[in-house]
Amino acid sequence: MSVRRAREEDAARVPIIERAAASLYAPFGLEAALLETLTPTRRVERAVRGGELLVATDARDRAIGYALFALFGDDLHLEELAVMPSHGRAGHGSRLLASLASPAIASGASRITLVTLDFVPFGAAFYEERGFSRLAHDRVPSFMSSLIDPSSEDGRVALARSLRG
């Protein structure tokens, strides 16, 4: 099992993984909302072509998880991290997250950013255990403004991890 850059044939696995991972949000009443906002196929295809998609693979080299990201200035922003629930709790998400450092550093990014939920066990706590810190509302980069509303109490939080010393 490994993490690698996505290839064209991996693109078809992304919505399968994304739909399966949405089931993890059912106890929090969010599964339906997540299924309504699946990542567009064009975004996935563009990410494969642009090297913005990493996949975790099983022993047969089949994608079982992915990290979708984009570069915004000095920030590599993690748009989505998902792992098939049948392969969960085996370190795939952690390996995908750790693997983001290479493309981030290669692109000149100084940190990795993301938005997650603070009330799900695989949300903020997962990332904070891996070196991410919450960003104060006045420190949220402008490219993330459509993803998080500082005045909202919906549980979304912005996190970042520095790639420098």
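Student: What makes strand β5 (residues 111–117) largely enclosed by the rest of the structure?

Tutor: Five of its seven residues are buried, so β5 is largely enclosed. Buried means under 20% relative accessible area, exposed over 50% and partly exposed in between, with a 1.4 Å probe and protein chains only. Strands are DSSP runs of E with at least two residues, and helices are runs of H or I with at least four, numbered from the N terminus. Do keep in mind that this is a predicted model, where local features need pLDDT of at least 70, side-chain atom pairs count only at pLDDT 80 or more, and totals for chains, interfaces and linings use all residues. Residues are numbered from 1 along each chain as its sequence is written, and side-chain values use heavy atoms, leaving out hydrogens and water.

Student: How do you know that β5 pairs with strand β4 (residues 75–83)?

Tutor: Two strands pair if DSSP finds at least two bridges between them. Four bridges join β4 to β5, and these strands run parallel; L78 has L114 in β5 as its bridge partner. With strand β7 (residues 156–162), β5 pairs in the antiparallel sense over seven bridges, and V115 stands opposite A158 in β7.

Student: Why are the buried residues of helix α3 said to lie on the same side?

Tutor: The buried residues of α3 (residues 41–50) are R43, V44, A47 and V48. They cover an arc of only 135 degrees around the axis, so they are on the same side of α3; the arc is that of the directions from the helix axis to the C-beta atoms. The face turned away from that buried side carries the exposed T41, R42, R49 and G50.
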